[in-house]
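Thanks for making the time this morning. I would like to walk you through one structure and, in particular, through how its chains meet.

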Amino acid sequence: MKIDETLRKLEEITKRLEEEDLPLEEALHLFEEGITLAAKIKTELDQAKLKIQQVIQKAKDVFSLEDFDLQ
Amino acid sequence: MCEERIYTISELNRKARQILEGEIGSVWLKGEVSNLTRAMSGHLYFTLKDEGSQISAVRFKGRSAFLHSPTIEDGMEILAYGRLTIYEPRGRYQFVVSIIQPAGVGALQLAFERLKEKLGREGLFDKAHKKPVPAFPQRIGVVTSPTGAAIRDIGSVLKRRWPLAEVYLFASSVQGETAAEEIVTAIAQAEAFNQRETPLDLLIVGRGGGSLEDLASFNEERVARAIFDCEIPIVSAVGHEIDFTIADFVADLRAPTPSAAAELVTPDHFEVLTSLVAFLAKSQRNMRALLERRVQGLQTHLKGYIFRIPGRRVEMLAQGLDLRLAELLRLTGEAWKKRQRDATRLEDLLRLADPSLPLRRGYSLTFIPGEPTPLRNATSLSPGERIETRLLNGRILSQVEEVIES
C-alpha cells in the first residue's frame with residue numbers, strides 16, 4: 001500500500017473509532033489495525049534511504065540504471 | 001486677402017505633437033548612445049543614433065523605476081522603448097524613453113514576449129491543462145545536468161525531507177546550443193521510462209541560477225511544447241528570481257529553484273511522524289471512551305441482579321486499558337515483540353466486559369436475520385417480520401405477531 005493510502009486509512013480508522021455504536025470486537029480490531037499500520041509507516045520512514053539513479057536509454061524499450069553519487 | 005489660416009507657434013507645435021503621438025506613438029528603437037548628460041534633476045538626456053541619423057532622447061528620473069535597467073554610457077548599443085513627442089516650449093522633437101535594455105538581451109526579451117503571447121493564445125498556459133502533482137510522490141524523475149548544482153540541491157533536500165523518494169535522473173545539458181534539444185530528448189526518455197519501465201509520480205525539469213542567456217533553452221518553443229505534451233506532471237525549477245521562463249508558464253507547477261521544487265513536492269517526514277502520534281493519541285482516547293461506555297452499559301443492564309461489577313472494577317479496567325495503550329504507543333518504536341503478550345492480557349480484561357455475559361444470566365439477543373447488530377427497539381419491527389433470537393445455547397427463528405411500544 002502506498003504511504004498516502006495508508007495515512008488515509010489511518011484517518012478513516014480514527015474517525016470510525018469515534019462512532020458511539022461501534023461494536024467492541026470491531027473497535028478492537030480497528031484499533032489493532034491502526035497500530036499495525038502506524039508501526040509500518042514508522043518503520044518505513046526510519047529505514048528509508050534516498051536512492052538516486054541515472055536512467056540511460058539504450059534502445060526504444062531498453063533502459064539501464066546506474067547509481068548516482070551526489071558527491 | 002490671404003485665406004490661409006495663420007497658426008501661432010504654440011498651435012503648430014501642439015498640432016505637430018498630437019499628430020506625432022497619434023500616428024507613431026510608442027516604439028522600440030535600437031541605436032547607439034551619445035552626448036549623454038545627467039541633469040541635476042536626475043533626468044538623463046542623450047542622443048540615439050545609427051549610421052545615418054539621430055534623435056534626441058530623454059529618460060525621466062523615476063519613470064518605470066521598477067524595471068530592471070542597466071546604467072548607460074556613451075557608445076553603448078541599446079534597445080529603448082518610449083514614445084515620440086514634441087517638447088512644445090522648445091519645439092523640440094524627442095524620444096521619451098521608459099525602458100532601456102542592452103541590445104543583445106533586448107532581442108531575447110522580445111523573442112520571449114512574442115513566444116509567450118503566441119503560446120498563451122494557443123492555451124498552453126491554461127489552468128485547465130495543469131495536471132495535479134501528487135502529495136506523496138514516491139518516484140521522482142529529474143531532467144537536468146548530472147554535473148550541475150540542481151541535482152545535488154534536489155538530492156540534499158529530499159535526503160532530509162522525504163528519504164522515501166526514489167529519484168530517477170534523465171541527463172541533459174541545460175545551457176549552450178544543444179541544450180533545448182537535449183531537454184526535449186530527456187523529457188521523451190522520461191515518458192518512455194514512465195510508460196514501459198517504472199511509473200513516475202512527477203518530473204522536475206530545471207537547472208540552477210544563471211544569466212538570461214544561460215536560461216535561454218527554457219524559453220524555447222520546443223521545450224515548452226515538450227513540457228505541455230508530457231503525460232507526467234512537470235514541475236519547472238529554473239533558478240532565477242526576477243523573471244519567469246516560458247517553461248514556468250507551461251509547467252504544471254512552478255518552483256523558483258531546484259531546491260524549492262524538492263521542498264514543494266514532498267511532505268516533511270517529521271510531519272508525517274507527528275501525525276502518526278496524533279492518530280495514536282486520538283485512537284487511544286476513543287478506545288478508552290468506548291470501553292468505559294460498554295462497561296457502564298453492562299453495569300446498568302445487570303443492576304438488580306446478583307451479579308454486579310463493582311465501581312472499582314470499572315476503574316481497574318480503565319486503568320488496565322490505559323497501561324496497555326501506553327504500551328501500544330511505544331510499539332511504534334522498538335517494543336514490537338511485547339505486543340502479542342500485551343494483547344492476550346488485554347483480551348482477558350476485556351472478556352469481563354463482554355456483552356455476551358448477559359446470555360449466561362438468561363438474557364437473549366434479538367436480530368433481524370442477516371443483520372450484524374442486535375435489535376434495540378421493538379418499533380423497528382412490523383408484524384409478520386421474521387426475527388432471530390440468540391440464547392446462550394442455540395437460536396430461535398420466529399415471526400412477529402404484534403409490536404408493543406413501551
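Let me begin with a term: when I call a residue buried, I mean that its relative accessible area is under 20%. This is a predicted model, so please hear everything that follows as computed from it.

With that in mind, consider helix H5 of chain B, which covers residues 221-229 and whose buried residues are B:Val223, B:Ala224, B:Ala226 and B:Ile227. Looking down the axis of H5(B), one finds these buried residues within an arc of 160°, and therefore they line one face of the helix.

Now to the interface, where 45 residues of chain A are in contact with 52 residues of chain B. The area buried between chain A and chain B comes to about 4,500 Å², with carbon and sulfur atoms giving 69% of it. Of the area that chain A buries against chain B, A:Leu24, A:Leu45 and A:Leu50 supply 15%, which is more than any other three residues.

Eight residue pairs are in polar contact between the two chains, counting pairs in which both residues have pLDDT 80 or more.

Which elements of chain A supply at least two residues each to the side that touches chain B? They are helix H1 (3-16), helix H2 (24-47), strand S1 (51-59) and strand S2 (62-67), and H2(A) gives the most, with 14 residues. By residue class, that side of chain A divides into 24 nonpolar, seven polar and 14 charged residues.

Key: Residues numbered from 1 in each chain as written. Chains lettered and ligands numbered in written order. Predicted model: local features only at pLDDT ≥ 70, side-chain atom pairs only at ≥ 80, totals over all residues. Heavy atoms only, no water. Buried < 20%, exposed > 50% of the residue type's maximum accessible area, 1.4 Å probe, protein only. Helix = DSSP H or I, 4+ residues; strand = E, 2+ residues; numbered from the N terminus. Arc of directions from axis to C-beta. Contact = heavy atoms within 4.5 Å. Buried area = accessible area lost by both parts, 1.4 Å probe. Polar contact = N/O pair within 3.5 Å; in protein donor to acceptor, adjacent residues only side chain to side chain. Nonpolar A, V, L, I, M, F, W, Y, C, P; charged D, E, K, R; others polar.
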